[in-house]
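User: Got a model here and want to go through its side-chain contacts. Can you walk me through them?

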Amino acid sequence: MSERLSFLGAGRLDEATRAKHDATHRPEVVLAVLAMLLLYGWLFTPLAAVLGLPSPRGVAAMLGITPLLHFDHGMLDSRLRVPYTELLPADQERLLLLLLVAGAFLSAYFSPLPRKRAALLGWFLLGLLVLYGWQALCGLLFCHLLVYLLFHPPANANRMGQSGLMAGLLLLGSLWSPGSDAVHPLYFLLPPAFALFCRFPLRTLLDCAPLAAGLRKAAIWSTTLVVLVGAIRQGALGETWTLPLYLLLFCWYWERLMMYDIDYRGGLVPRELSLVGYLSLFLSPASLLNCSWGVDIGQGYSYTENNFYATDKNRIVLEGVRLWGAALIYLVFGNLLLETAVGFCESLGVPVFKGNLYRLSSHFTGGGRVDTASVILTCFLEQMRYLLVWAGVLHVKVGIWRVCGYRFAPYYDHPWLATNLVVLYTRFTFYYREFLVRVFYYPVFFRLTGCPVSLRIFLATFAAVALANMLVGHLPEQMFFNGMRFENIGNVLIRWPYFFLLAAGITVAELWLMRHPSRRKPWTPDRRFVLDLLAMYATWHFYAVIHVFAHMDRNATLSHNVKLFLIAWGWSPP
């Protein structure tokens, strides 16, 4: 538990302690990382063809397991992606990404301690340049440099002007790349204009504490502002706004920026933090992989800082390798496990909808009939599909952080062992849950000091799990995945029963645990073990079936969803 709560602060590691954790090099640890990366390369990239090795399909054919796996041009099909770019084919992107991770690991492992984070940042920038291009690199750095200046403005006016000049050059670079058409001549005025703006008006504004706080607040809420402006613009003009690539990449950092702001206001972020120190918190080699998945991994400043070389580096690296090993089970056998589960259910005579609630909703909305067992199993298989799809990728991402020296907790931590919704929401989506708790739950809970504790828990949970989860967590994702359209706001709001039922369930669990504390550890092999099984099933049953309100056919009404929900609890419609 101490590892999971390290973001709360407690003491910051000193460099002498980190140096002790960095003292020992172990060749077998290095070989373990490189061997695992080679295995990933052989399974999911053209590495076998490059090295003249048998392909995964060929080996599977020799073992007689080809029908059990999904292949793509001789390689295993994989959800490991470098999205939003088509500069290279997907399989070559994965190969290049693995090479970048290998380089980042070796640099982090062998570089002197003061240079490790700069080396990791350098590998990220190289990867961004190769995978996304010059314009994306310059634009993303421009956005982060502006945020950095709002939080850590140089005291010297000349340095502020130099930072503004750098920002202007980066913005110019985001508008022009080698080989592109000539840009408008006025764009070349951006560097000196930004230099003057940062040295005089911005410097003056930041000297006023209330104005500086307002500017920082606008920066951390920039993603929400972008989403609202884009949706309103489309609703008014009928034109969908396509975000520049660098702005889209930056917007995916919105949750971590909010947590960074909390650490900053709490005095946990050094006011003199260097630009490299700031950028290394956000721009990690792990961020290149499925950049829209697990965007809150790493929290803000304190969690990342407190977990860098927090114990012996070889132990942290091996934990990353083990997490990569677990990820292989999901990535290689995930589809097989899901198809096996679906086949088993159908062999029992229970029709299921391939673990897809949209198909169930469409069938029921169109007038089809379903029974309780079919709804329950489809809901469970939907959660199984979600876990199998996401867990592998997110284990790989956390594993990259770990081999680079960060002792990060896994995103998923045996969620099937949860015996109540509070534990389930932590185990099933650890970093996102912590985002909701830190940014929304705590502020509401601690501001209601004059209210009864039960009421404070109720209001804080609904503020975080219902309102913030819906409007701040899921709304931007809906816009980024499905376009900056005004109608997408309604597509999120119509799912309000899911968010409110989830908040209600977690609130009941919180109040029950507060009033009935137990010192017994769940799953202890004693006479109450059967109660653990029942609690686990009840927890998952509720969590799974409320998703009928979250994944529904576009023609489904609230009445349809309520009926499906009631069917899952044994109701038989007339």
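Analyst: One cut-off to start with: a residue is buried when its relative accessible area is under 20%, and exposed when that value is over 50%. Tyr278 comes out at 0%, so Tyr278 counts as buried. Keep in mind that this is a predicted model.

User: Okay. Which ring does Tyr278 pair with, and what are the angle and distance?

Analyst: Its partner is Tyr260. The ring centres are 5.5 Å apart and the planes meet at 85°, so the pair is edge-to-face. Tyr260 lies in helix 13 (residues 254-265) and Tyr278 in helix 14 (residues 275-282), so the contact ties together parts that are 18 residues apart in sequence.

User: Is Tyr260 buried or exposed?

Analyst: Buried, with a relative accessible area of 0%.

User: How many aromatic pairs are there by this rule?

Analyst: The count comes to 47 aromatic pairs. One of them joins Tyr40 and Phe44, with 5.7 Å centre to centre and 55° between the planes, and that pair is tilted.

User: Where do Tyr40 and Phe44 lie?

Analyst: Both are in helix 2 (residues 27-44). They are four residues apart, about one turn of the helix.

User: And their accessibility: buried or exposed? I'd like Tyr40 and Phe44.

Analyst: Tyr40 is at 2% relative accessibility, so Tyr40 counts as buried. Phe44 is at 1% and counts as buried too.

User: Switching to charges over rings. What lies over the face of Tyr264?

Analyst: Arg271 does, at 3.9 Å from the ring centre. There is also Lys313, whose charged end sits over the ring of Tyr109, 4.0 Å from its centre.

User: Now salt bridges. How many turn up in the whole structure?

Analyst: The search finds 17 salt bridges. As background, side chains of opposite charge can pair when their charged atoms come close.

User: Give me some examples. What is the N to O distance for Arg26 and Glu28?

Analyst: 2.9 Å, N to O. Arg26 is partly exposed at 32% relative accessibility. Glu28 is partly exposed as well, at 45%.

User: What about Arg203 and Asp207?

Analyst: Their side chains meet in a salt bridge at 3.0 Å, N to O. Arg203 has a relative accessible area of 13%, which makes it buried. Asp207 has 56%, which makes it exposed.

User: So which side of that bridge is under the 20% cut-off?

Analyst: The Arg203 side, at 13%.

User: And which residue does Arg520 bridge to?

Analyst: Asp526. The closest N and O atoms are 2.9 Å apart. Asp526 is partly exposed, with a relative accessible area of 33%.

User: Last topic, the surface. Which residues form the nonpolar patch?

Analyst: Leu126, Leu129, Val130, Trp134, Leu175, Trp176, Tyr187 and Phe188. Together they have about 700 Å² of accessible area.

User: Which helix gives the most to the nonpolar patch?

Analyst: Helix 6 (residues 116-132), with three residues.

User: And where does Leu175 lie?

Analyst: Leu175 lies in helix 8 (residues 157-175). Leu175 is partly exposed, with a relative accessible area of 32%.

Notes:
Residues are numbered from 1 along each chain as its sequence is written. This is a predicted model: local features need pLDDT of at least 70, side-chain atom pairs count only at pLDDT 80 or more; totals for chains, interfaces and linings use all residues. Side-chain values use heavy atoms; hydrogens and water are left out. Rings of Phe, Tyr and Trp (its six-membered ring) pair if their centres lie within 6.5 Å; planes under 30 degrees apart count as stacked, over 60 as edge-to-face and the rest as tilted. Helices (H or I, at least four residues) and strands (E, at least two) are DSSP runs, numbered from the N terminus. Buried means under 20% relative accessible area, exposed over 50%, partly exposed in between (1.4 Å probe, protein chains only). A charge sits over a ring if NZ of Lys or CZ of Arg is within 6 Å of the ring centre and within 35 degrees of the ring normal. A salt bridge is a side-chain nitrogen of Lys or Arg within 4 Å of a carboxyl oxygen of Asp or Glu. Patches are made of residues with over 30% relative accessible area and no salt bridge: like charges are joined within 9 Å, nonpolar side chains (Val, Leu, Ile, Met, Phe, Trp, Tyr) within 5 Å. Accessible areas come from the Shrake-Rupley method with a 1.4 Å probe; for residues, only the protein chains shown count as cover.
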